[in-house]
Amino acid sequence: DIRGVIFDLDGVLTDTAEYHYLAWQKLADEEGIPFNRQANEALRGVSRRASLMLIIGDRQYSEAQIQEMMERKNRYYVELIQNISSKDLLPGAIALLDELKQAGIKTAIGSGSKNARTVLEKLGIADKVDAILDGYSVQQPKPAPDLFLHAAKQLGIEPKQSVVMEDAAAGIEAALAGGMWAIGLGPVERVGAAHVVLPSLKGITWTDIQAKLNE
Ligand code: B16
Ligand code: MG
């Protein structure tokens, strides 16, 4: 039986994925590195350092330059999220969180972002979940299962009693590696490895999810 749901943040509860993209694009432009929306697909849900590595490819940079670029991208990102609010919650997010609470299902945030707490507070949902795991919680980022396993542990449930909601291939991989149920939100090309694929949380109820997982 499923006892908890772990939500990814960027791209699942809010569309900060777009702001991550814009911040990387600005950095790439400044560095004269070719980058675009299509190239950004590979970065979705991927940690800050791993994202930068994918952007720079085989170009040579010192560790100090790498650190500086990660900080610069983060400054752009932090600037872009300054004005987000509960209006930036994706359709269906609050309704599902509320329904889960009613049903006695535990909830956690499992985000790879070091900015997750700030984003959750701006969205006004930091107090709506039972646990928050972010980019500071574990050493190994997604696609390693560590973050989600840690989240399940904090909720006091087993991996097989947990459902992970993810918009990124790296996150689905992490959920599956952890022995959890995976729900992919977005196109099949991106999240097709999940047990269930849905376009988004819009109009999705806990009853729907349980039915789909039992199919
Ligand atoms: P930061 P998620 C991930 O968050 C983002 O999807 C990814 O684009 C970002 O690089 C990563 O967090 C690290 O974020 O630079 O803010 O620490 O999708 O796991 O909620
Ligand atoms: Mg995500």
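# Exercises on a predicted model

Strand 4 (residues 162–166) is largely enclosed by the rest of the structure, because five of its five residues are buried. A residue is buried if 20 or more other C-beta atoms lie within 10 Å of its own, exposed if 12 or fewer, and partly exposed in between, with C-beta atoms placed from the backbone. Helices (H or I, at least four residues) and strands (E, at least two) are DSSP runs, numbered from the N terminus.

A word on conventions before we start. This is a predicted model, in which local features need pLDDT of at least 70 and side-chain atom pairs count only at pLDDT 80 or more, while totals for chains, interfaces and linings use all residues. Residues are numbered from 1 along each chain as its sequence is written, and chains are lettered from A and ligands numbered from 1 in the order in which they are written.

## Exercise 1: the surroundings of strand 4

Work out which residues point each way from strand 4, and which strands it is joined to by bridges.

Step 1. Sort the side chains. Ser 162, Val 164 and Glu 166 point one way, Val 163 and Met 165 point the other way, and all are buried.

Step 2. Find the partners. Two strands pair if DSSP finds at least two bridges between them. Strand 1 (residues 4–7) runs parallel to strand 4 and is joined to it by four bridges. Strand 5 (residues 181–185) is also parallel to strand 4, again with four bridges.

Step 3. Val 163 is the partner of Val 5, and Met 165 is the partner of Phe 7. Towards strand 5, Val 163 pairs with Trp 181, and Val 164 pairs with Ala 182.

Step 4. Follow the chain. From strand 4 it passes through helix 8 (residues 169–177) to strand 5, in a right-handed β-α-β crossover. Right-handed here says that, with the strands pointing away from the viewer, the path from the first strand over the helix to the second runs clockwise.

## Exercise 2: extending the sheet

Trace the pairing onward from strand 1 and from strand 5.

Step 1. Start at strand 1, where Gly 4 and Ile 6 on one side and Val 5 and Phe 7 on the other are all buried. Four bridges connect strand 1 with strand 2 (residues 106–110), in parallel, and Ile 6 sits opposite Ala 108.

Step 2. Turn to strand 5. Trp 181, Ile 183 and Leu 185 face one way, Ala 182 and Gly 184 the other, and all are buried. Strand 6 (residues 196–198) pairs with strand 5 in the parallel sense over three bridges, with Leu 185 opposite Leu 198.

## Exercise 3: the ligand shell

How many residues surround ligand 1, and which are the closest?

Step 1. A residue is near a molecule or strand if its C-beta atom, placed from the backbone, lies within 6 Å of it. There are 20 residues around ligand 1, the closest being Asp 10, Ser 111, Gly 112, Ser 113 and Lys 114.

Step 2. Helix 1 (16–31) and helix 3 (48–56) are the elements that give two or more residues to this shell.
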